[in-house]
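Dear colleague,

I am handing over the structure shown below, and after it I set out what was found when it was examined. Please keep the structure open beside the text as you read.

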Amino acid sequence: AEQAGVSTATVSRVLNGKPGVAAETRKAVLAALDVLGYDRPEKLRNRSQGLVGLIVPELDNPVFPALAQAIETTLSDRGYTPLLCTQSPGGTTEDEYIEMLTELGVDGIVFVSGRHADTTASTERYHRLRGRGLPIVFVNGYAAGVDAPAVSTDDAVAVTLAVRHLRSLGHERIGLAVGPDRYVPSRRKIATFTALLAEQRPDEDAEQHVVSTLFTVEGGQVAGGELIDSGHTAVVCGSDLMALGVIRAARSRGLRVPEDVSVVGFDDSPLIAFTDPPLTTLRQPVVAMGKAAVSALMAEIGGTRVSRTELLFHPELIVRGSTGPAPAAPAAPAAPAAPTTTGSAEPTPRAAGVP
């Protein structure tokens, strides 16, 4: 009762299955049971409405567990049992998971950043599923021509927010560090970024400000190193992990974040606010996206066709400590003093870090 914030009488009514308890209160009591380690009475255990497959990529990137949890929670609230399938290099493939899930007789499948997001991959697997009448939903990666709803973060808005933020701080040399450009989210970020740069500097090749590597800390370190060495004072990243790699690259060069280099992440993964410095990032609305994906799937399972127009969610710019004003340009060296009869002039002092 103390854990749920209710009276013992209310707990008694919930445990005995009696009416007269609000749905939210009943849910709070059941949550308290779970948190405190009690087994639910048999009569209070949920009866599953069916099974739903949830296929996500590797779990090293914290945003994927966050998305999975949001989707699983919403499925459970709808009475469905989620079957979580996670991938790793050399492990079970998406196609193998699809085969297993269909053999189990799932009512639908949610794909998060899967092969549907890879522009080089075949979409035949999804056409086969739809041909069998199995409802599916895509999250973060629109596959044109596939008869399925899609829910994504608006990458164009994300990049626009990041670039405008950095420009407002006085940065002119802004770089973009993203994952492989065969993925839909990367392509969208690159397209928006290069368009924004072309507006500002139409005579300049915008692609020289973009580095594609991997969506990892190591990938971010490589991309960040290239961009920093080519004179960029700010870097927009395709993931929070990449942003941490860019910060590592800056520090390995004796530079400070944000005094010398500003860094913007993407995702707002759990715990990212506690990095050093706390990371400025674009927050994906994972809870809202999870609810939308499940709602679309439930409608399809119930026989109601959902619009095939991709549902785009606006990210939120979360400004923290990894972005700051652009560093002042180093002063030009003073002209050498005129020679005197007593000897040559002393060499002109140089600003720190200037060769």
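Before the findings, one definition is needed: a residue is called buried when its relative accessible area is under 20%, exposed when that area is over 50%, and partly exposed in between. Please also bear in mind that this is a predicted model.

V6 is found in the segment before α1, the helix of residues 8-15, and although V6 and V29 are 23 residues apart in sequence, their C-alpha atoms are 8.0 Å apart in space.

The largest pocket has a volume of about 1,000 Å³, and its lining is made up of 37 residues, of which P57, E58, F64, S113 and Y183 lie nearest its centre. Two or more residues of that lining come from each of the elements α3 (63-77), α7 (184-200), α8 (217-229) and β9 (262-267). Sorted by class, the lining holds 13 nonpolar, 14 polar and 10 charged residues.

S113, one of the residues nearest the centre of this pocket, sits in the loop between β3 and α5 and has a phi near 45°, which is a positive value in a residue other than glycine. At 22% relative accessibility, S113 counts as partly exposed.

Salt bridges

A search of the whole structure finds 18 salt bridges. One of them joins K189 to D155, with the closest N and O atoms 2.5 Å apart; K189 belongs to helix α7 and D155 to helix α6 (residues 155-168), so that this pair links distant parts of the chain, 34 residues apart. Both K189 and D155 are buried. K189 also lies over the face of F266, at 3.8 Å from the ring centre.

E204 takes part in a salt bridge with R173, where the closest N and O atoms are 3.9 Å apart. Because E204 lies in the loop between α7 and β7 (210-212) and R173 in the loop between α6 and β6 (174-178), the pair ties together parts that are 31 residues apart in sequence. E204 is partly exposed, with a relative accessible area of 27%, and R173, at 29%, counts as partly exposed as well. E204 forms a salt bridge with R201 too, and there the closest N and O atoms are 3.1 Å apart.

Elsewhere, a network of salt bridges links R130, D147, E300, R305 and R308.

Aromatic rings

The count of aromatic pairs comes to 3. In one of these, the rings of F111 and Y126 have their centres 5.1 Å apart and their planes at 80°, so the pair is edge-to-face. F111 lies in strand β3 (residues 108-112) and Y126 in helix α5 (residues 124-131), and the pair therefore ties together parts that are 15 residues apart in sequence. Both F111 and Y126 are buried.

F111 also pairs with F138, this time in a tilted arrangement, with 6.0 Å from centre to centre and 55° between the planes. Since F138 is in strand β4 (residues 136-139) while F111 is in strand β3, this pair ties together parts that are 27 residues apart in sequence. The relative accessible area of F111 is 0% and that of F138 is 1%, so F138 is buried. F111, Y126 and F138 together form one aromatic cluster, and the charged end of R125 sits over the ring of Y126, 5.9 Å from its centre.

Backbone details

Two cis peptide bonds may be worth a look in the model. The bond that joins V257 and P258 is cis, with omega about 10°, and P258 lies in the loop between α9 (240-252) and β9. The peptide bond from D276 to P277 is also cis, with omega near -5°, and P277 is found in the loop between β9 and β10 (280-283).

Finally, D267 has a positive phi of about 135° although it is not a glycine. D267 lies in strand β9 and, at 5% relative accessibility, counts as buried.

With kind regards

Note on methods: Residues are numbered from 1 along each chain as its sequence is written. This is a predicted model: local features need pLDDT of at least 70, side-chain atom pairs count only at pLDDT 80 or more; totals for chains, interfaces and linings use all residues. Side-chain values use heavy atoms; hydrogens and water are left out. On a 1 Å grid over the protein atoms alone, a cavity is a set of points where a 1.4 Å probe fits but cannot get out, and a pocket is an open set with protein on both sides within 12 Å along at least five of seven lines; lining residues have an atom within 4 Å of a point. Grid points are joined across faces, edges and corners, and a volume is the space filled by probe spheres set on the points. Helices (H or I, at least four residues) and strands (E, at least two) are DSSP runs, numbered from the N terminus. Ala, Val, Leu, Ile, Met, Phe, Trp, Tyr, Cys and Pro count as nonpolar, Asp, Glu, Lys and Arg as charged, and the others, Gly among them, as polar. A salt bridge is a side-chain nitrogen of Lys or Arg within 4 Å of a carboxyl oxygen of Asp or Glu. Buried means under 20% relative accessible area, exposed over 50%, partly exposed in between (1.4 Å probe, protein chains only). Rings of Phe, Tyr and Trp (its six-membered ring) pair if their centres lie within 6.5 Å; planes under 30 degrees apart count as stacked, over 60 as edge-to-face and the rest as tilted. A charge sits over a ring if NZ of Lys or CZ of Arg is within 6 Å of the ring centre and within 35 degrees of the ring normal.
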